[in-house]
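Please work through the exercises below with the sequence and the structure side by side, trying each task before reading its solution.

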Amino acid sequence: MLKLEKYGKIIKVVFAICKYRYWGVCTMINFIVCDDNEVIRKQVEDLIIKVMMKNNLSYKVHLYSDYNKSFIKMINQNLSNKIYILDIETPSESGINMARK
């Protein structure tokens, strides 16, 4: 549960920064979540929805179970305001290595 509490705090900080940066007008935020554990992915998604809907912000959650071709395609898209929540270790790749890319 500690891991999820950290995600919740991070999402709230993102919200605060967004409000400050855009003086109360926040554009679409794209959350890109990658975790090989389906339960964790769902819990992180639920936390994002809870915070974002509570504050009436535009957002989209993109969920991935691995750092595969589909994930790489997403990170290469020209989307604004991308926030990555990455698993440190999945079967194919390290989240740390992906963050460096």
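**Burial and basis of the model**

Of the 101 residues in the chain, 37% count as buried, where buried means under 20% relative accessible area, exposed means over 50%, and partly exposed lies in between (1.4 Å probe, protein chains only). This is a predicted model, in which local features need a pLDDT of at least 70 and side-chain atom pairs count only at pLDDT 80 or more, while totals for chains, interfaces and linings use all residues. Residues are numbered from 1 along each chain as its sequence is written, and side-chain values use heavy atoms, with hydrogens and water left out.

**Exercise 1.** Find the pattern of helices and strands along the chain, and state which element has the lowest mean pLDDT and which the highest.

*Solution.* Begin with the secondary structure, which comes to four helices and three strands; helices (H or I, at least four residues) and strands (E, at least two) are DSSP runs, numbered from the N terminus. Read along the sequence, these elements follow the pattern α-β-α-β-α-β-α. The chain as a whole averages 80, and 74% of its residues score at least 70.

**Exercise 2.** Describe how strand S1 is joined to S3, and sort the residues of S3 by face.

*Solution.* Strands S1 (residues 29-34) and S3 run parallel and are joined by five bridges, and two strands pair if DSSP finds at least two bridges between them. In S3 (residues 82-86), Ile83 and Ile85 form the covered face, whereas Lys82, Tyr84 and Leu86 form the uncovered one.

**Exercise 3.** Work out which residues are linked in a network of salt bridges.

*Solution.* A salt bridge is a side-chain nitrogen of Lys or Arg within 4 Å of a carboxyl oxygen of Asp or Glu, and by this rule the count comes to two. Glu45 pairs with Lys42 at 3.9 Å between the closest N and O atoms, and these two lie three residues apart in helix H2 (residues 38-54). Asp46 meets Lys42 at 3.0 Å, N to O, from four residues away in helix H2, about one turn of the helix. Lys42, Glu45 and Asp46 are therefore linked in a network. Glu45 counts as buried at 18% relative accessibility, while Lys42 at 43% counts as partly exposed, and Asp46 at 36% counts as partly exposed.

Terms used:
pLDDT is the predictor's confidence in each residue, from 0 to 100.
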